[in-house]
Protein chains: 2
Amino acid sequence: MTRLSTSLCDLLGTRLPIIQAPMAGGITARALVAAASQAGALGSFGFAYTQPEAMAGDVQAVRALTDAPINLNFFVNDAPPPVAPETQHAAIDALTRYYQSLGLPAPAPVRAPYAPDLNAQLSMAEDLTPAVVTFHLGDLPAERLKRMRERGIKTGGSATCVEEARHLEASGVDFIIAQGAEAGGHRGSYLRNPYEAMTGTLALTRLIVRAVNIPVVAAGGIMDGAGIAAVLALGAQGAQLGTAFIPCVESGAPAVHKQYLLAAREDTTMVTEKFSGKPARGLANRFMREMNDNNAPQLVFPAQNTLTGALRVASAKAGNPDFVSMWAGQAAPLAREMTTAQLVATLEQETLEALDRLAALRR
Amino acid sequence: MTRLSTSLCDLLGTRLPIIQAPMAGGITARALVAAASQAGALGSFGFAYTQPEAMAGDVQAVRALTDAPINLNFFVNDAPPPVAPETQHAAIDALTRYYQSLGLPAPAPVRAPYAPDLNAQLSMAEDLTPAVVTFHLGDLPAERLKRMRERGIKTGGSATCVEEARHLEASGVDFIIAQGAEAGGHRGSYLRNPYEAMTGTLALTRLIVRAVNIPVVAAGGIMDGAGIAAVLALGAQGAQLGTAFIPCVESGAPAVHKQYLLAAREDTTMVTEKFSGKPARGLANRFMREMNDNNAPQLVFPAQNTLTGALRVASAKAGNPDFVSMWAGQAAPLAREMTTAQLVATLEQETLEALDRLAALRR
């Protein structure tokens, strides 16, 4: 039987050159990660907001289901200083009418620390020793990467421009994730202004493949085997897909997120900082449009994420899309509802078919 | 010898599924169009600002050099009403210090008509009967497309979203150009807000291929054979490349445009309306940054293009990049200096090599 394989498979120990993208906030549920890895892709936890003890529970649960490689992903973000009371009040005022529209009181001021301690997370990751650790929004110290390498953990970092990719390569990562502008979720930019580093996946992948000497994994707008074949044609050694996995049966995305994603017929995504404090792409909804249009006051990342948390949860619970962060990439209309195993098998089959179609173009 | 061929080659009568993108304002010089077509691609004139008599001269000149198919491209834009004097004064005031910095007087108010008459252009195109006519920024009446079809002219229109592609298909064009957000030059959006229709080439091509039943040509960020192979993998039947041809020896781009394009090492492009009145992507320079940052007053398209004309010409002549519209796509750093014939041959060879590399991924 014909199989699809690249150097990334050898590097990560996966059957397929496909990464199920880490998506924080509960989307990358244990069942999703386990099923993706078991099916031959690299299942990934989005641990941006997860405390070390909870990480351990998640990893152990997946290990009870599969021996296949998994990936743990972190946000590299300096802990922001405590937010001044006036700033909190302004940001709370901007959200109060939305909270009230769901019958909820205005949110309480957020208290530091706003996010789990990154060093504690990374030390737990070393203890858990997954096959792969990836990170977003920054770089990691060379000594941290070295320690992971000594434990046999492969590391990858996100780049949204050539400079970030070169920087990551020099720091010692094993591979680069080229995050094109199509990608859903948080922009990984950390050396350039995120709004000036909105290069499309096709252009960015090729630019980064030409600029570095380590494997590149393309991300952004890839939803099927044709998309995977396309980035392999660009010289990427693999593809990372997030949005494609959101509607999967095992995904932890709220039902309303899955429903609106499956209903998309056009690229109606937009980028907003108003949910978390950092720019991220998702399906446009009332909250994103109004908060962007009003340039509403917001807290620094990830304090804003905490401040909007109860609003997002309540909106999702009510089946109301207005205040849910429905992260999605620009090819959202290609989303399909199936099990994770079916999706991975379909992606493999479609990629092989795309390669067959390409071979037939030579005459 | 192995050749690369798709249904687009059969449709357009070209040897290769490659379109040298039309670029108005003198870039697509006669020598460039002739050399691109002679080499097996589809050479294209950007006739947005060209009067019918000048079109005839250009086409006859190319026909003296090659019998190969050529394409004439037009901007579909309703003639704007005459601009009010106050509006003219504000727009002129915003430009005066730039004109003065080059030792030039402030520009005179612009007089309607601001652009050649589209119907006169299209009637001349019918008389000239090129193999292909493409258009940008709108659609053409079905009867016009029918008349062209009866004369054996194949027609193609630009889409920046699914809705525009479906609309073009219904109007009777022979193929769609999917213009991804990476693309240099003017955004072709005409049914959606151009800033909300900035879908990356990878996502957009796949969305449009899935939405229509006629051939799709992908445009935006494609600079080499790997990029061509990538869009073929997405199901496109061809690729349109503009930026790649700008540094060619035969291109009519100003020397300073070629020079800064070849020096690009990162995607430093941005989108501005300030040169022409409609959003277009090019290498960021002083004019674009300052005029965007100040949200400077501007005239409607294409009156603004006329108002900035002498500034752009003088800046280019002085070898000063500050006020030149250096249109370029997001993969600008992949630009190469060669003859047009060398570029087309290189693109063909690289595409075949990319297909070979892909075939080797199956094991």
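**Reading the model: a dialogue**

Student: What does Thr129(B) count as, with its 13 C-beta neighbours inside 10 Å?

Tutor: Thr129(B) counts as partly exposed, because its 13 C-beta neighbours inside 10 Å fall between the limit of 12 or fewer for exposed and that of 20 or more for buried. Keep in mind throughout that this is a predicted model.

Student: Where does Thr129(B) sit, and what is its phi?

Tutor: Thr129(B) is in the loop of chain B that runs between α5 (118-128) and β4 (132-136). Its phi is near 45 degrees, a positive value in a residue other than glycine.

Student: Which value does phi take at Asn295(A), and is Asn295(A) buried or exposed?

Tutor: Asn295(A) is not a glycine, yet its phi is positive, about 45 degrees. Asn295(A) has 10 other C-beta atoms within 10 Å and is therefore exposed. The residue belongs to the loop between α11 and α12 of chain A.

Student: Where does Pro302(A) lie?

Tutor: Pro302(A) is placed in the loop between α11 (286-293) and α12 (303-307) of chain A. The peptide bond that leads from Phe301(A) to Pro302(A) is cis, and its omega is near -5 degrees.

Student: What kind of peptide bond joins Phe301(B) and Pro302(B)?

Tutor: That bond is cis, with omega about -5 degrees. Pro302(B) is in the loop of chain B between α11 (286-293) and α12 (303-307).

Student: Turning to the whole chain, how many helices and strands does chain A have?

Tutor: Chain A has 14 helices and 11 strands. Its C-alpha trace spans about 65 × 45 × 40 Å along the principal axes.

Student: How does the radius of gyration of chain A stand against that of a compact globule?

Tutor: A compact globule of 363 residues would have a radius of gyration near 21 Å; the value for chain A is 20 Å, which agrees. Of the 363 residues of chain A, 58% count as buried. For contacts in chain A between residues at least 6 apart in sequence, 70% join residues at least 24 apart.

Student: Which domains does the assignment give for chain A?

Tutor: The assignment gives domain 1 as 1-79 + 114-250 + 339-363, and domain 2 as 80-112 + 254-335. The centres of these two domains of chain A, taken over C-alpha atoms, are separated by 25 Å. Domain 1 of chain A brings 23 residues to the contact, and domain 2 of chain A brings 25 residues. On the side of domain 1 of chain A that touches domain 2, there are 11 nonpolar, 8 polar and 4 charged residues.

Student: What does Gly185(A) touch, apart from residues up to four places away in sequence?

Tutor: Gly185(A) touches Met23(A), Gly242(A), Ala280(A), Arg281(A) and Trp327(A). Gly185(A) is in strand β7 (residues 185-186) of chain A, and counts as buried, with 27 C-beta neighbours inside 10 Å. By contrast, 25 Å lie between the C-alpha atoms of Gly185(A) and Arg97(A), which are 88 residues apart along the chain.

Student: Which residues touch the most other members of the largest nonpolar core?

Tutor: In general, nonpolar side chains tend to be buried together in soluble globular proteins. Here the largest nonpolar core has 240 residues, and Ile208(A) and Ile208(B) touch the most other members.

Student: Which rotation superposes chain B on chain A?

Tutor: Two copies of a chain are related by a rotation about an axis and a shift along it. In this model a rotation of 180 degrees with 0.0 Å of shift along its axis brings chain B onto chain A, with an RMSD of 0.0 Å. The two copies are therefore related as by a two-fold rotation axis. The C-alpha of Ala230(B) is the one nearest the axis in chain B, 2.0 Å from it. The same surface serves both copies, since 100% of the contact residues of chain B recur in chain A.

Student: How many residues are in contact between the chains?

Tutor: The contact joins 45 residues of chain B to 46 residues of chain A. On the side of chain B that touches chain A, the elements giving two or more residues are α7 (162-171), α8 (201-211), α9 (225-233) and α14 (340-359) of chain B. That side of chain B divides into 22 nonpolar, 13 polar and 10 charged residues.

Notes:
Residues numbered from 1 in each chain as written. Chains lettered and ligands numbered in written order. Predicted model: local features only at pLDDT ≥ 70, side-chain atom pairs only at ≥ 80, totals over all residues. Least-squares fit on C-alpha atoms with pLDDT ≥ 70 in both. Contact = placed C-beta atoms within 7 Å. Core = buried A, V, L, I, M, F, W, Y, C linked by C-beta atoms within 7 Å. Helix = DSSP H or I, 4+ residues; strand = E, 2+ residues; numbered from the N terminus. Nonpolar A, V, L, I, M, F, W, Y, C, P; charged D, E, K, R; others polar. Rg over C-alpha atoms; globule rule 2.2 N^0.38 Å. Domains from an automatic or database assignment.
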